[in-house]
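Hi,

Here is the structure I promised to pass on.

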Amino acid sequence: MAASSIAARELLHNIKLIPYYQKSSCLFSRRISTSKLQCSSQPPEKSAPQQLVGVVGLEIHAQISSNTKLFSGSSVQFLAPPNSSVSFFDASLPGTLPVLNRRCVEAAVMTGLALNCTINKKSVFDRKHYFYADLPAGYQITQQRRPVAVDGVLTYSFLGGRKRSQVMRKNVHIKQIQLEQDSGKSLHDDVNSQTLIDLNRAGVGLMELVMEPDMSCGEEAAAAVRELQLILQALGTCQGNMSEGQLRVDANVSVHRPGEPLGTRTEVKNINSIRYLARAIDFEVQRQTAVVRRGGAVLNETRAYDSKSGETVAMRDKEGLQDYRFMPEPNLPPLLVFEDEASLPAGVEAGEAVLLRTLRARLPELPSVRRDRLVQTYGLLPEHSFTLVNEDGLMEYFEAVMKGTSRDPRKVIGWVTNELLGLLKQQDLSVSHSPVLPAALAELLELQEAGCISSSAAKQVFQEMWRSPGKAALQIIQELDLGLVSDAADLHRICQKVVDSHPDKVRAVRSGNQKVLNKLMGLVQKETKGRADPVLVREILQEKTS
């Protein structure tokens, strides 16, 4: 421990300090199955009160998209060299004072407006005292007594029902949104048995969103976090990249019987993946259920999720209430937010204040509005709009294709969500990295609409476009000779060959089984490598089997 402490002190002593400057005015166990739990939207049956159900609440830390930190002018940059973005204030040098970053305030207020929160015109900052090696001041500046926003609601959606094709909508209440500063990062060197401190992250602006325990399983929690992620990205207030720690989730989980008091909860800390969030919560619900059914007691503790085993593991108990010794932050005045310019006090310029009317006008189209617009504009099914909005960039791709084709949107959606998205997921690519651009897909669909190729040939062309980016659809059709065969004489000859080779199927059609006709059509398409005009083929086969 002594060597570790000395190493940490030496590293801190060598921190590259960036001059601090003012940015703005303060006016502003045993293994349990982790199969997916089904979240029912139906009212419980009579026997349900005897069944244990999960109760889930979330605390989410969202890193604010800002060039500088919450209270200093140090830059915010992921993967910057250790201790290269640290001001005197970040390192807690004596005599340094915080100056509030107006951008961070506006981001928190916009987020609150988008989540239907009440914005407190006057909020205050507090000191939360606790010791971490990477918290140089020994306290965190946060908002405990009166945060910037309270009493909001997040409406989220997920696919449910028997076939998981029905869009289920639910609400989770937002207790509060508060501004606070992040801590630094401890770098553990197991080889040399020492811990080093990187203060680049110390002081980065965070929004902590506290959700009420309105959810019951991992699927609901994952859908709520995904919806919040989409909202934050649409607002531009947080990039929401969980792999970079820009969105960190703590899940409070308990089980109880409906109608009875809530059970003892556990907290699963620092989950950095939506998929892992769902798995961690579902495992914890099943673990606690098993404990209660055995007659045991669930411990009030902090746990971590082990993605390799798919289990949560105990970290520390929470039986004793930690005394954070909250106190008002003496170096920051109350944070004031105004309705509009008319409400500004004398001597305060509009450019120095945070105005609600201005921020409301800047709110973009939110995910729920996008889904409704897609359904109304293009006549899509709700589940299709859900897929388009929830996949990064897929809605923009779909709308770009629609600008280049006259095809029915309900046919275009099949290409986008099945052919395109299927290949993207198969190769773990984002929409922005698709080898087939929207204009290229639109050209292919127009050729199919014009009768130049069959639907099966069009899929062959799409596969080749994927393998050979830059090749036009028409060029591929010519090179592979995939043009539609519509010569009546050729098709009569091929259809006759198929009919002669399958007398049993012909008898079935003549007996009234018209479904067998489709099998004969498939055989003709096989003979022509999917190039036969399906309308003409059906007419010929009907004539020859009548």
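Strand E2 (residues 53–63) runs antiparallel to strand E13 (residues 247–256), with ten bridges joining the two. Strands here are DSSP runs (E, at least two residues) and helices are too (H or I, at least four), numbered from the N terminus; two strands pair if DSSP finds at least two bridges between them. Within this pairing, glycine 57 sits opposite asparagine 252 of E13.

E2 is also joined to strand E12 (residues 205–211), by five bridges and again antiparallel. There, isoleucine 60 faces leucine 209 of E12.

Why is E2 largely enclosed by the rest of the structure? Ten of its eleven residues are buried, so the strand is largely enclosed. Buried means under 20% relative accessible area, exposed over 50%, and partly exposed in between (1.4 Å probe, protein chains only).

A word on provenance: this is a predicted model, where local features need pLDDT of at least 70 and side-chain atom pairs count only at pLDDT 80 or more, while totals for chains, interfaces and linings use all residues. Residues are numbered from 1 along each chain as its sequence is written, and side-chain values use heavy atoms, leaving out hydrogens and water.

As for the whole chain, it holds 16 helices and 18 strands. Its C-alpha trace spans about 95 × 60 × 55 Å along the principal axes. Of its 546 residues, 48% count as buried. The chain exposes about 27,300 Å², and carbon and sulfur atoms supply 50% of that (Shrake-Rupley method, 1.4 Å probe).

Best wishes
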